[in-house]
Amino acid sequence: MEKLDTMMLADDLALSQDKILNVEQDFDAEAVYKVIDNLGVLNNPIKDYFDMTEEEYYEAESDHKLTLIKMADKLTDLHDRILTNHVDGYVDKDEINLTYNHENPYEDDLYDPATDYRVIVYSLKVIGAVQSIAAKDLQEVLSKDAVLSVGLAAYALAHNA
């Protein structure tokens with residue numbers, strides 16, 4: 001059932017996008033956190049990272065896709081996000097390739113919740129597609145920084161950053 005949870009959440013969020021971004025409907029960050037934790041990619045539950053500094057994360061777990069430059073700052077203050085945007089390869093040959101790009105929901109220091117929303121929905125769609133056919137392989141190839149980014153985006157949306 002967990003494999004379907006990722007896809008179902010992504011679909012539900014996509015359908016609710018306008019209402020959530022217009023603050024007509026609550027954003028359920030806890031559902032996103034649950035999906036992230038169920039992926040089994042990060043070493044700890046996602047909420048453990050919200051009090052961590054960039055330096056602590058960099059030294060303990062980062063796969064160096066995120067731009068971490070204010071090492072004393074909390075991860076929740078980070079402006080960089082890694083969006084999981086594409087998958088290709090051959091599942092039967094154990095060749096799964098994920099591609100990523102950087103997103104900044106704080107362009108010109110103004111928070112744009114639509115950017116974080118896109119990071120969450122699009123990433124979960126790609127991750128869910130791979131998870132539904134190759135869950136074990138996904139754990140090996142999915143970027144920790146990309147998974148963290150989904151969590152940071154959910155945190156920012158929930159806290160109206």
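This is a predicted model: local features need pLDDT of at least 70, side-chain atom pairs count only at pLDDT 80 or more; totals for chains, interfaces and linings use all residues.

Biologist: At what angle do α2 and α4 cross, and how far apart are the axes?

Modeller: The angle is roughly 25°, and the axes come within 11 Å. Angles under 35 degrees count as roughly parallel, so α2 and α4 are roughly parallel to each other.

Biologist: Which residues meet there?

Modeller: From α2 you have V32, V35 and L39, and they meet I120, L124, I127, Q131, L138 and Q139 in α4. By class, that contact has seven nonpolar, two polar and no charged residues.

Biologist: OK, what about α2 and α5? How are they packed?

Modeller: Helix α2 covers residues 29-39 and helix α5 residues 144-158; the angle is about 165° and the axes are 9 Å apart. That makes α2 roughly antiparallel to α5. On the α2 side the contact is made by A29, V32, Y33, I36 and L39, and on the α5 side by V147, V150, G151, A154, Y155 and A158.

Biologist: Switching topic: which residues touch the most other members of the largest nonpolar core?

Modeller: L13, F27, V32 and I120, out of 48 residues in that core. As for the helices, α4 gives the most to this core, with 10 residues.

Biologist: And what is F27 in contact with, leaving aside its neighbours within four places in sequence?

Modeller: F27 is in contact with L13, I20, V32, Y117, I120, A154, L157 and A158.

Methods: Residues are numbered from 1 along each chain as its sequence is written. Side-chain values use heavy atoms; hydrogens and water are left out. Axes are lines fitted to C-alpha atoms, for helices over the stretch in contact, and angles run from 0 to 180 degrees between N-to-C directions. Helices (H or I, at least four residues) and strands (E, at least two) are DSSP runs, numbered from the N terminus. Angles under 35 degrees count as roughly parallel, over 145 as roughly antiparallel, 65 to 115 as roughly perpendicular and the rest as oblique. Contact means heavy atoms within 4.5 Å. A nonpolar core is a set of buried Ala, Val, Leu, Ile, Met, Phe, Trp, Tyr and Cys residues joined through side-chain atoms within 4.5 Å. Buried means under 20% relative accessible area, exposed over 50%, partly exposed in between (1.4 Å probe, protein chains only). Ala, Val, Leu, Ile, Met, Phe, Trp, Tyr, Cys and Pro count as nonpolar, Asp, Glu, Lys and Arg as charged, and the others, Gly among them, as polar.
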